[in-house]
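Reader: I'm new to this one, so please walk me through it. Start with whatever terms I'll need.

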Amino acid sequence: MDADNKNPFEKIKPGTKCAKIFFTSLFFCVSLLFVLIGLWKTVFVLLLSAVGYFIGSSKDIKSDIAGIINKVTPQQKKVEPTEEDKQIYNRIKSSVEEIKEKLESNDDKSEEQEKSEDKTDNKAE
């Protein structure tokens, strides 16, 4: 296998001597970050480092970002109501209309009662 085609991470596979040194150094640096700057700042630094690695290793950044977004966000599916749903909707709609009519008729009756009370008050004076 040519050195050009070799996977660069082949040397640091877990269990190899290089991996022991690499991961020990890596976790030592991360632990120093925790101690020196705190948890959330360390998380922020590691997150930005991961984003930088992603951008640096990407050959076509637009398609890679689009692929990540498509994995993270669910695809929108159009939901069609069933016949039962339509029947329930129509029943609720007719009930709401009936209630509106009753309220309007009660309002009309109360207005008429107020007018008649005003007339009787005017006659009493």
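Author: A residue is buried when its relative accessible area is under 20%, exposed when it is over 50%, and partly exposed in between, using a 1.4 Å probe and protein chains only. This is a predicted model, where local features need pLDDT of at least 70, side-chain atom pairs count only at pLDDT 80 or more, and totals for chains, interfaces and linings use all residues. Residues are numbered from 1 along each chain as its sequence is written, and side-chain values use heavy atoms, with hydrogens and water left out.

Reader: Is Cys29 buried, partly exposed or exposed?

Author: Take the cut-offs for buried (under 20%) and exposed (over 50%). Cys29 has a relative accessible area of 44%, so the label is partly exposed.

Reader: And how many disulfides does the structure hold?

Author: A disulfide is a pair of cysteine sulfur atoms within 2.5 Å. Cys18, with a relative accessible area of 43%, is partly exposed too. Even so, the number of disulfides in the structure is zero.

Reader: What pattern does the protein chain follow along the sequence?

Author: Helices (H or I, at least four residues) and strands (E, at least two) are DSSP runs, numbered from the N terminus. The chain has four helices and zero strands. Read along the sequence, that gives α-α-α-α.

Reader: In which helix is confidence highest?

Author: Confidence here is pLDDT, the predictor's score for each residue from 0 to 100. The chain averages 82, and 88% of the residues score at least 70. The lowest mean, 81, belongs to helix 4 (residues 83–124), while the highest, 88, belongs to helix 1.

Reader: How far apart are the end C-alpha atoms of helix 1?

Author: The expected span of a helix is 1.5 Å times one less than its number of residues. Helix 1 has 21 residues, so it should span 30 Å. The model agrees, with the end C-alpha atoms apart by 30 Å.

Reader: Which elements give two or more residues to the nonpolar patch?

Author: Patches are made of residues with over 30% relative accessible area and no salt bridge; like charges are joined within 9 Å, and nonpolar side chains (Val, Leu, Ile, Met, Phe, Trp, Tyr) within 5 Å. The nonpolar one covers about 1,200 Å², and among its residues are Phe28, Leu32, Trp40 and Leu48. Leu32, for one, is partly exposed at 37% relative accessibility. The elements you asked for are helix 1 (17–37) and helix 2 (39–57).

Reader: Which residue takes a positive phi just after helix 1?

Author: Look just past the end of helix 1, where phi is about 95 degrees. The residue there is Gly38.

Definitions and conventions. Accessible areas come from the Shrake-Rupley method with a 1.4 Å probe; for residues, only the protein chains shown count as cover. A salt bridge is a side-chain nitrogen of Lys or Arg within 4 Å of a carboxyl oxygen of Asp or Glu.
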